[in-house]
Amino acid sequence: QVHLVESGGGLVRPGGSLRLSCAASGGIRHINTMGWYRQAPGKQRDLVARITAGGSTNYADSVKGRFTISEDRSKNTVYLQMNSLKPEDTAVYYCNGVIMASGQPWVLDYWGQGTQVTVSS
């Protein structure tokens, strides 16, 4: 069973930085993409950043130039470096993996439990 575990959320002042981590574990055959989504209260869950197996990345317009997604495939881990944080970045951040598990011929979406990021003075 594939599991995604996030860490690194917390409370930070506007202009500050945080680094989120997400480690995938379990019977993993192949990871297509890993990414980060966020959901603020009363809003839908939206893509923040995503990285493919080939290393291509894409970002939400609202975070371009401030957030950077990276990965360590040897550890099945993805990171989100968040700089110049703003109050509107406050949300629960979810890790997502499009993963082929061992013994399965198809990929599935897997989600972490979420980590709270609060940007406030």
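Biologist: Which residue forms a salt bridge with Arg66?
Modeller: First, a word on the model: it is predicted, so local features need pLDDT of at least 70, side-chain atom pairs count only at pLDDT 80 or more, and totals for chains, interfaces and linings use all residues. Residues are numbered from 1 along each chain as its sequence is written, and side-chain values use heavy atoms, with hydrogens and water left out. A salt bridge is a side-chain nitrogen of Lys or Arg within 4 Å of a carboxyl oxygen of Asp or Glu. For Arg66, the closest N and O atoms are 2.8 Å apart, and the partner is Asp89.

Biologist: How many residues apart are Arg66 and Asp89?
Modeller: Strands here are DSSP runs of E with at least two residues, numbered from the N terminus. Arg66 lies in the loop between strand 6 (57–59) and strand 7 (67–72), while Asp89 is in the loop between strand 8 and strand 9. The pair links distant parts of the chain, and the separation is 23 residues.

Biologist: Is Arg66 buried or exposed?
Modeller: Buried means under 20% relative accessible area, exposed over 50%, and partly exposed in between, using a 1.4 Å probe and protein chains only. The relative accessible area of Arg66 is 10%, so this residue is buried.

Biologist: Which residues do salt bridges that share partners join into one network?
Modeller: Arg38 also forms a salt bridge with Asp89, with the closest N and O atoms 2.9 Å apart. Arg38 sits in strand 4 (residues 28–39), 51 residues from Asp89. Shared partners therefore give one network, as a salt bridge is defined by a Lys or Arg nitrogen and an Asp or Glu oxygen. Its members are Arg38, Arg66 and Asp89.

Biologist: Are Lys64 and Asp61 buried or exposed?
Modeller: These two side chains meet in a salt bridge at 3.1 Å, N to O. Lys64 and Asp61 are both exposed.

Biologist: How many salt bridges does the count come to?
Modeller: Side chains of opposite charge can pair when their charged atoms come close. Among the pairs here are Lys64 with Asp61 and Arg66 with Asp89. By the salt-bridge rule, the count comes to four.

Definitions and conventions:
Helices (H or I, at least four residues) and strands (E, at least two) are DSSP runs, numbered from the N terminus.
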